[in-house]
Amino acid sequence: MQATSTVQPAQDTGDKRAPMAAAPMKYLPDGSVDWGNMWDSFCVLAKEGGPPHRGTMLHGQDDADPESAGYRFAVAEIARGIGEVSGLEAYPAKPGWLAVRCASPGMARWLQEAILEENVNAASEGALLFVPVGETFSLKGEIKNVVTAVAKTTHYWTDHVPDDVKRLLSLEQRFDGWKERLAKWLGR
């Protein structure tokens, strides 16, 4: 008589807002993280109804010591990772934040909104996107969280956001700038 297995399939909880599973870390021969080849695919953005990357909001460390070894490492690794996954330049801004230069103000604002939905704090000003950094950020934790959120959202911006929407966002940003200048001119 042959034994049979009655393994039950994993139960789907149906909670599409549960945080997404982490991708395994991949490394280059020199031991550094291979950010550019970490992901084969991405799940749907939280902004579009998919699971957020994190379960709780990740904030930067605004009281961090920018001269500490931990802070300098986190800045360098997040900036390197962002460059590899998106082609965008990232550099230190004020303590607790990295600035990421985007192609347009519309792109920066769209990425900000999408990254916030992934439970990673973000801000934008003009064509700059700001993402968190801290001296206590670990490579497999918060550093990976920031790089993953930027990878996931820039992938969607590049490959899934229609050009018409990108143009509309650009026009909207220009209109907002005109409104601000008019309000200043009118003394409001």
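## Basis of the model

The model is predicted: local features need pLDDT of at least 70, side-chain atom pairs count only at pLDDT 80 or more, and totals for chains, interfaces and linings use all residues. Residues are numbered from 1 along each chain as its sequence is written, and side-chain values use heavy atoms, with hydrogens and water left out.

## Overall layout

The chain has four helices and four strands. Helices (H or I, at least four residues) and strands (E, at least two) are DSSP runs, numbered from the N terminus. Read from that end, the order is α-β-β-α-β-β-α-α.

Of the 188 residues, 41% count as buried. Buried means under 20% relative accessible area, exposed means over 50%, and partly exposed lies in between (1.4 Å probe, protein chains only). The chain exposes about 10,900 Å². Carbon and sulfur atoms supply 54% of that area. Accessible areas come from the Shrake-Rupley method with a 1.4 Å probe; for residues, only the protein chains shown count as cover.

Contact means heavy atoms within 4.5 Å. Among contacts with a separation of 6 or more, 70% come from residues 24 or more positions apart.

## The strands

Two strands pair if DSSP finds at least two bridges between them. Strand 1 (residues 90-92) pairs with strand 2 in the antiparallel sense, over three bridges. Ala 90 has Val 100 of strand 2 as its bridge partner. These two strands form a hairpin with four residues between them. Gly 96 sits in the turn and has a positive phi of about 95°.

Strand 2 also runs antiparallel to strand 4, joined by five bridges. Ala 99 is bridged to Phe 130 in strand 4. Arg 101 stands opposite Leu 128 of strand 4. Strand 3 (residues 123-125) pairs with strand 4 as well, antiparallel and over three bridges. Here Ser 124 has Leu 129 as its bridge partner. The hairpin of strand 3 and strand 4 has two residues between the strands, and Gly 126 takes a positive phi near 60°.

How much of strand 2 and strand 4 is covered? In strand 2, four of five residues are buried. In strand 4, five of five are buried. Both faces of strand 4 are covered: Leu 128, Phe 130 and Pro 132 on one side, Leu 129 and Val 131 on the other.

## The nonpolar core

A nonpolar core is a set of buried Ala, Val, Leu, Ile, Met, Phe, Trp, Tyr and Cys residues joined through side-chain atoms within 4.5 Å. The largest one holds 36 residues. Ile 78, Ile 82, Leu 111, Ile 115, Leu 129 and Val 131 touch the most other members. The elements giving two or more residues to this core are helix 1 (69-86), strand 2 (97-101), helix 2 (105-117), strand 4 (128-132) and helix 3 (139-159). Helix 3 gives the largest share, seven residues.

## Helix 2 and the tryptophan pair

The expected span of a helix is 1.5 Å times one less than its number of residues. Helix 2 has 13 residues and should span 18 Å; its end C-alpha atoms are 19 Å apart, which agrees. Its buried residues include Met 107, Trp 110, Leu 111 and Ile 115, and also Arg 109 and Gln 112. Asn 119 follows helix 2 and has a positive phi, near 70°.

Rings of Phe, Tyr and Trp (its six-membered ring) pair if their centres lie within 6.5 Å; planes under 30 degrees apart count as stacked, over 60 as edge-to-face and the rest as tilted. The count comes to one aromatic pair. The rings of Trp 110 and Trp 157 have centres 5.6 Å apart and planes at 50°, so the pair is tilted. Trp 110 lies in helix 2 and Trp 157 in helix 3, so the pair ties together parts 47 residues apart in sequence. Trp 110 is buried at 9% relative accessible area, and Trp 157 is buried at 7%.

## Met 57

Met 57 lies in the segment before helix 1. With a relative accessible area of 31%, Met 57 is partly exposed. Met 57 touches Leu 116, Asn 119, Val 120 and Asn 121, not counting residues up to four places away in sequence. Met 57 and Asn 121 are 64 residues apart along the chain, yet their C-alpha atoms are separated by 6.5 Å.
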